[in-house]
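Please read these notes with the sequence and the 3D view open side by side.

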Amino acid sequence: MKTGQDILIPVCATDGGREVSMSRESEDYLFRNGIKRFPIPNRWCVHSYYTLCPYAPDGSGRILIAGADLDGKTGDVLILSPEGKILDRFGKNPLHNGVYHTGYWQTWSPDAKYVFYQGGSLREPKIVKRELCTGKEMVIKGDMEGAPPFGEPILSGLLGMLYAAGYGDGIFYPEQAPVPFQKREEHGLFEYTFEPVGKKLRLSVAEVLEKHPLRDKLRKADKEIKSRLGEGDGLTLMLYCVRWNPDGSRFLFYFGNHCVAKGRGEPKLAYVFTSDRDLKEIHLAVDLSFGKRGVHWSWHPNGEDLIGYGPDPDDPERGCLAKVHYDGTGYTRISRQAGGGHPSISPVDPGLLVTDDVSRQPGDVMFIDLKKDRIVKKYILPRTFGDTIPPGRNPYRVCHHPAFRRDGKKVLVNTLPGRFAVTCELDVPEVWE
């Protein structure tokens, strides 16, 4: 085990796929280093995403996760007490590739009286709103990558498009797309409402392509794909990754194809746009396309800036952690760390950032003092299981997805110490001048 600031969570032994209880020495080690495990018997568990707080907004300490029954090929949503006791479980649905990455996109309502989650399948998705005190559920046809901070209406792309493009396993499945890729005027960002029940296409791929400041370059690339793959084909363009700022006044979304199967030979396209809530003011904030480095952009707690991995302004061939204003101005480096993980700034300390390293096994979860650009604490956590790891989203890998508690004192992460993924809670270090 590593000592000092590098903290290694012990990997649990397994016996025929069954997780063996940890030794008292290992349990003491986790306790001393501020690591709390939430293992759920016979369930492979993750929280939904690093941009969605898994802790209840009412201050109760309840934690929202999803669990997969690997043998039964189903999964459900679980609410845990701060100690890890199961308080509620619901939403039994079939497993699909996406569950191993983000669960069922389970999200608290602003008053913690409801939980929204994704049901159905990737091709025929449903959005479920569950009233926790009664168990009553409202179900509508639609898709979501989490609910907004104001609850509803929900704005989302179609997750099935991502997985049909190859996000799940690296294989292109155009026949599985909810809408044909080249019908660009029929898919994009949809708005869903429960009362009255409604679905409306608010912004199409075709509209974004038409207004794109680099549309001529994109049309040239589109024409090249058509010349190789046929006039009925073209760039695999989508709108996806809707992420809201803390007060719900703005959101970001991606336009591009950065998850498409490599065998198609398409240039990587990933443009991060921002918009006001009413889709009246849209800006291109970050360009990560045609060979530019960068991934995983989300909101700064100030609600005005975005943070993520992008090209280093002093050396574009290198990556860095960067910040940019929502209108695309003021792009600056905030850290030289370039691991390509999922970065978040503390909701109470703008000088403290947590991120993970997606390139290693075990993987790192690092707390960075942005004032001095130094790692103040690092946990080394298991994120894959087995000798041969299939590509894409599957039960043999997790993303750590570190997510702050609203008071900034704890961070919840995903780990894979054996056959079953386990969520763990980490102490957040204090940063001194």
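How do the residues of the lining of the second largest pocket divide into nonpolar, polar and charged? The points below start there. This is a predicted model, in which local features need pLDDT of at least 70 and side-chain atom pairs count only at pLDDT 80 or more, while totals for chains, interfaces and linings use all residues. Residues are numbered from 1 along each chain as its sequence is written, and side-chain values use heavy atoms, with hydrogens and water left out.

1. The lining of the second largest pocket divides into 22 nonpolar, ten polar and four charged residues. Here Ala, Val, Leu, Ile, Met, Phe, Trp, Tyr, Cys and Pro count as nonpolar, Asp, Glu, Lys and Arg as charged, and the others, Gly among them, as polar.

2. This second largest pocket holds about 880 Å³ of space. Of its 36 lining residues, T51, L52, C53, P246 and R406 are the closest to its centre. A pocket is an open set of points on a 1 Å grid over the protein atoms alone, with protein on both sides within 12 Å along at least five of seven lines; a cavity is a set where a 1.4 Å probe fits but cannot get out; lining residues have an atom within 4 Å of a point. A volume is the space filled by probe spheres set on the points, which are joined across faces, edges and corners.

3. Strand β16 gives the most to this pocket's lining, with three residues. Strands (E, at least two residues) and helices (H or I, at least four) are DSSP runs, numbered from the N terminus.

4. The whole structure has one cavity of 30 Å³ or more. Its lining consists of Y100, H101, R393, N394, R397, V398 and C399.

5. Helix α5 covers residues 215–229 and reaches 21 Å from its first C-alpha to its last. Its residues L218, A221, D222, I225 and K226 are buried (under 20% relative accessible area; exposed is over 50%, partly exposed in between; 1.4 Å probe, protein chains only). The face turned away carries the exposed D216, K220, K223 and S227.

6. D373 lies in the loop between β26 and β27. At 32% relative accessibility, D373 counts as partly exposed. Leaving aside residues up to four places away in sequence, D373 touches S335, R336 and I368, where contact means heavy atoms within 4.5 Å.

Technical notes
The expected span of a helix is 1.5 Å times one less than its number of residues.
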